[in-house]
Every structure is written in structure tokens, then in C-alpha cells.
Amino acid sequence: MDLSYIINEYAEEREKYFNAVSPPIIQSSNFVFNTVEDMRQAFADEYSTYLYSRGRNPTVDILRKKLAALDGAEDCLVFNSGAAAIFAAVLANVKAGDHIVSVDKPYTWAQKMFNDILPRFGVTTTYIDGREIEHFERAILPNTTVIYLESPNSWDYALQDLKAVAELARAEHIVTIIDNSYCTPLYQRPIEYGIDLTMQTATKYISGHSDTLGGVLCGSKTMIERIFNSEYMNIGSGIQPFNAWLLIRGLRTLPARLDRITASTKKVTEYLKNQPKVEELLFPFDESFPQYNLAKQQMSGACGLLTFIIKTTTINEIEHFCESLQHFFMAVSWGGHESLIIPKCSGIKPADFDAGNKEHRMLRLYVGLEDPDYLIRDLDQAFGNMQ
Ligand SMILES: *Cc1c(COP(=O)(O)O)cnc(C)c1O
């Protein structure tokens, strides 16, 4: 299916709603039946019917179909946040006594689930450096049921060889789950490499306007139907129709936005590489990146997020740099229209700052939709303020 077709036409049944170009928001909690038999059938198989919007909803279905097609997956569920999608995907594949192998430093709320929630139910997690396939081989135990990936990581962009991990996991009957938020299915399609479940936050690039949260989970019909009938219905964190509509709207411009952000990010990385106050640049499509070859092999693009290590001996200078930026907002999230910065040192107490620790001097930029020269001028004046 063509990308343009998926985004502009697929799964839209306009003749059902006055040929409107923009689909309606079916803001209804429940759906009416004319016969007892119809109602009986709906109770027996909620996955296939409109009964109650905690399960299926027509506006949400348009989004589900488009997102499944983008990932090359059979089916998809959309949650009210990426964190909910991660939680449901993992919960659906573990029971008491099971073991998970996860890459180091996955998304914060994935870590909290592995560290704080799952141990209460007897599920343990081993973290590994996922850059080497041998680390997976060594960490797998007889009770391992899930391998959890995030490629690239959203701070240091560490990658995993998706095809190799998928092959290893298949042979051991282990379910693979990936957080594909950095790339979106436009730049990486993990299911084609044999990964079972692919998750992305829709809050970031899919929304694109910093005005809604959402989370996507794609996989085989068997797996998605099973998750629908248990975790999805029980946790009740499916996306609401209005937010689904915002995400359909966001999708319309996703390719154009990613093109723009890719071009701007290239300009910004070139500027940073020549900036004397930058000690190191981390970006998967930069030739200096240690896993550049793997990135080029399994990703068709990289954009938006990049990290640099700033040359300084004091936390004050980092704070001053961030606070003197006028057009990069200091805020979490990314993928919207607005450019952003997060200093890693905002996560530590000032007294614990150690200039010898590169991580403490990390700054993550998100390049948004503004004119790249406007952004570069802003960075330049903030670097100038450091002297
Ligand atoms: C934001 C984010 C998530 C979580 O998504 P929410 O929609 O905020 O719940 C998961 N993974 C990565 C890499 C993220 O950046």
C-alpha cells in the first residue's frame, strides 16, 4: 500500500458520513442493537463489534487501521498514552515466575514497570547492553518470555540488531517487543525484521502538535486480539475518540513534517559539529556514530532528536546556556512543531554534578518545524553567552 494512500484515504468510509473529507468524531460511549441476537453476538465477540467505546469505536478504528498499515502489521491498538501501550504489551506476555531481558535504560516508565511493579508479581528483569547480540544470548534463562527493545534509545541512540534479536528470540519462543518511537514506522518497520510487537508513542511525531497523548501497539491479529480481550479492555486506557481524531489529523502531515525535520536536523548537526563548545555529538545518522552502519542498514531515516556533550566544568554554565536559549523551549516530550532542549543535569542534584561524567554534560535537542537558521542563531547566541 502506498504511504500516501494509507494517510489520505485508507480506512475512511466517507459515503457513510456525507462524503465529508475529515472523518466524524463518534463521541459515543455505547452503541444500540435492534435484536437480542445482535446483542448476544456482540457480547460473545466484542473484538468484532461496536458495543461500548472502551472496546471499539469507529473513529478509533480509522486510526487503528492506518497505523497497522504503516507498520506492515495485521492489527493495531491505540492507547491513551505510550506508557499504557508498553504496560499492556508486557503484561500480556508474562506471568508469575517469568523473566524479561530488557535493553539498558529503556524509557523511564518502562524502567519503573520493570523495577517497581512487575517484581511484586514475581516477574524479574535483567538489563543488558543491547549493542551486542551475545549479551542477549547470555541473559536468556529457561523462564525468559519477553525481550524488550528500544532502538534507537532516545538519549544515547544505542541500537540493537533487530533481525538478529528476532531470530534468536523466535528460536527460543520468546516474544519480542520494541519501542520504535524514535523512528516511527516511516523510518523503521520492525515487524519486517521479525519483531512481534512494535510500540510507539503517538504523543510525539504522530500528533506532531503537542496537543494530545497516545500510544500505538501493532502486531499479529492473534496477539492483538488477545491483548484487546484482556489488558486493553481491563485497564481501560484506550484512546478517546477526540484524541484519535487529532492523531488522524496529525498523520496527514507526518511525511511532510519528517522531511522538514530531517533537513533541519542535518543543518543543526553540522553547526554543532563545528562549534568549539561541543565535545561530542550523538546522532545515529552522523558518520562518527559508533553504530552508524547498523543505523543505515535498518533505519531509512533519523531526525529530530540529537544529543551533544557540552564542554564545561560547571553546572552553572550548562544552566546558563539552557536558560539563555530563546526559541528552544526547555520542556519534556518531542515530535511537535516546537524545538526543545532537556539538560541531563536537570535529573540530578546540583551537588552531585561531576564534570568528569560525560552523561552529566549531555544536552538533548529536539529540532522542530521552525526555520533551521533561526534555531542555529539561537544556539549560537547561547554558546556566545557562555564565555
Ligand atoms: C514519550 C515516550 C514514551 C511514552 O509515551 P507517552 O505517550 O508519553 O506515554 C515511550 N518511549 C519513548 C522513547 C518516549 O519518548
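The model is predicted. The ligand sits in the largest pocket. Around the ligand are 13 residues, and G82, A83, D179, T203 and K204 come nearest.

**Ligand shell**

- The shell around the ligand has three nonpolar, seven polar and three charged residues.
- Among the 13 residues around the ligand, the nearest are G82, A83, D179, T203 and K204.

- D179 places a polar side-chain atom 2.6 Å from a nitrogen atom of the ligand.
- T203 has a polar side-chain atom 2.5 Å from an oxygen atom of the ligand.
- For K204, a polar side-chain atom lies 2.7 Å from an oxygen atom of the ligand.
- On its own, the ligand has 380 Å² of accessible area, and the protein covers 92% of that area.

**E167: helix α7**

- E167 belongs to helix α7, which spans residues 162-171.
- Is E167 buried or exposed? E167 has a relative accessible area of 53%, so it counts as exposed, the cut-off being over 50%.
- G194 is 27 residues from E167 in sequence. In space, the two C-alpha atoms are 7.2 Å apart.

**K311: loop between β9 and α13**

- K311 lies in the loop that links β9 (305-310) and α13 (315-324).
- The relative accessible area of K311 is 42%. K311 is therefore partly exposed, because this value falls between the 20% and 50% limits.
- Which residue is 33 residues from K311 in sequence and 5.8 Å away, C-alpha to C-alpha? That residue is V278.

**T307: strand β9**

- T307 is part of strand β9.
- T307 has 0% relative accessibility. T307 is buried because that is under the 20% cut-off.
- What does the side chain of T307 contact? It makes a polar contact with the side chain of Y157, at 2.8 Å.

**Exposure in brief**

- E167 is exposed at 53%, K311 is partly exposed at 42%, and T307 is buried at 0%.

Key
Residues numbered from 1 in each chain as written. Predicted model: local features only at pLDDT ≥ 70, side-chain atom pairs only at ≥ 80, totals over all residues. Heavy atoms only, no water. Near = heavy atom within 4 Å. Polar contact = N/O pair within 3.5 Å; in protein donor to acceptor, adjacent residues only side chain to side chain. Areas by Shrake-Rupley, 256 points an atom, 1.4 Å probe, with all protein chains shown as cover. 1 Å grid on protein atoms, 1.4 Å probe; cavity = no way out; pocket = protein on both sides within 12 Å on 5 of 7 lines; lining within 4 Å. Sits in = over half its atoms within 2 Å of the grid points. Nonpolar A, V, L, I, M, F, W, Y, C, P; charged D, E, K, R; others polar. Helix = DSSP H or I, 4+ residues; strand = E, 2+ residues; numbered from the N terminus. Buried < 20%, exposed > 50% of the residue type's maximum accessible area, 1.4 Å probe, protein only.
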